[in-house]
Amino acid sequence: MTLDLPTHVASARHDELIATLPADFRFGVATSAYQIEGAVAEDGRTPSIWDTLCRVPGAIDNGDTGDVACDHYHRMPEDVALMRGLGLDTYRFSVAWPRVQPHGRGPANPAGLAFYDRLVDELLGQGITPWLTLYHWDLPQELEDSGGWPVRDTAYRFADYAELVHDRLGDRVAHWTTFNEPWCSAMLGYVEGVHAPGRRNFQDGVAAVHHLHLAHGLAARRLRAAARGPIDLAVTHILGNTTPATDSDLDREAARRADALGFRFYLDPVLRGSYPADLVADLAARGVEIPVRDGDLEIISTPIDTLGVNFYRSFKASGTAEDGSTTTPDGLPVTRGVPVGGLPTTYLDWEVMPDDFADLLTRISRDYPGVPMVITENGAAYDDEPDATGFVADADRTEYLAAHLAAVAEARTRGADVRGYLLWSLLDNFEWAYGYDKRFGIVRVDYDTQARTPKQSALWLRDTITAHRARHA
Ligand code: FCB
């Protein structure tokens, strides 16, 4: 591991903004179990919905699977040492439900829990704070076979699972995030069918959102009750702005609908205890209902301590389809996300929009005041080209990270209470339906040898953290 190469210098404006971050600002990285662990059939782990989807021909680019991934299950101490070398203070990881409770119900699997036990001890031993996410998309397949997230019972199964993990790790882990991006689980998994479990039904997706919210609330209550010391309870949502493509009433109405379905559907129940009335009306127009029962919203709005925000991009909304029509074949108004335009893009063609990120954080702090935020993911895939030693001079990713960290600092100057930045991701990894070709890591992984090589962006982050500490020493 080489950690002494020169690093990219961010623009002066970025540097100045980053210098305003407070002494206790968190710097870390995020990963998730299925994307890095591998060892899918070891120590009693059963298949998750992602193992199943990876076996469906054509579902994943290049036929890739998470079977081996970054082999983190066997290389965990090396990966923690890598984080320590970069000076990170926080590590966000997820627990694989099918590893620790293989049937999705019933007793824990001690061998599976032991892995996270060792991980937590290793982190604490290296002075790194564990930031645990209970669910990053790997539902035990057996629970999907019983109906998955569209079924209410899955929420209760999740609460049991949460408590079981807490029983084992709660004495050492203070930061508990229930879910990563319910939007992705529900909409990509049950409506668009591009993520596991690959289903396509809008009503099922809407039910899934509600049950994910319910599961969050039930687990938050259980963990709060079980906590033996201070506990920081969070949920992470993927969020973006939706602005109208033009000033027309048609586009403004499309933006309102997109914001209701993509943003307020997630934050309102958790932080305000209600579903937005306009969303409920929009859904009714589509013949779809949120399956709420009495008391659910009270559970869902159980107070949390931190809101996890994942940001990648935003869209503009248009009320006109590509073919010029303004209604769908079912007679519904068209709501179409369109690129903002004129912006650089990443390898995934995602637009790079740090100013929009600052606006988003400002909006959240204005519309949902009182809940501190931590950025639990933000990062970029680029078409990395390693040199002969495996080093990647990723000036593009470095610039992306500097601009987005500066955007966080900028949002703070406007009053947004953002307390940390955990970038996505430590390692190149299994990028879901895109497989291994889309690399988000600040550390390169050579999948033939599993060698890890910090990229220029990793060195930039290390130097940024060092400078931050020196400023506040
Ligand atoms: C987020 C996911 C994460 C990763 C990034 C690129 O939506 O939470 O696992 O795939 O996107």
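## Elements around the second largest cavity

In this predicted model, the lining of the second largest cavity draws at least two residues from each of three elements, namely helix H2 (33–36), strand S2 (90–94) and helix H6 (110–125). The volume of this cavity is about 40 Å³.

The residues that line the second largest cavity are Thr31, Ser32, Ala33, Ile36, Glu37, His72, Tyr91, Phe93, Ser94, Phe115, Tyr116 and Leu119. Sorted by class, this lining holds 7 nonpolar and 4 polar residues, together with 1 that is charged.

## The largest cavity

The largest cavity has a volume of about 60 Å³, and its lining is made up of Ile49, Trp50, Tyr135, Trp137, Trp149, Cys184, Ser185, Gly189, Tyr190, His195, Ala196 and Pro197.

What classes of residue make up the lining of the largest cavity? There are 9 nonpolar and 3 polar residues, and no charged residues are found in this lining.

## Cavity count

Rolling a probe the size of a water molecule over the atoms shows where empty space is left.

Terms used:
Residues are numbered from 1 along each chain as its sequence is written. This is a predicted model: local features need pLDDT of at least 70, side-chain atom pairs count only at pLDDT 80 or more; totals for chains, interfaces and linings use all residues. Side-chain values use heavy atoms; hydrogens and water are left out. On a 1 Å grid over the protein atoms alone, a cavity is a set of points where a 1.4 Å probe fits but cannot get out, and a pocket is an open set with protein on both sides within 12 Å along at least five of seven lines; lining residues have an atom within 4 Å of a point. Grid points are joined across faces, edges and corners, and a volume is the space filled by probe spheres set on the points. Ala, Val, Leu, Ile, Met, Phe, Trp, Tyr, Cys and Pro count as nonpolar, Asp, Glu, Lys and Arg as charged, and the others, Gly among them, as polar. Helices (H or I, at least four residues) and strands (E, at least two) are DSSP runs, numbered from the N terminus.
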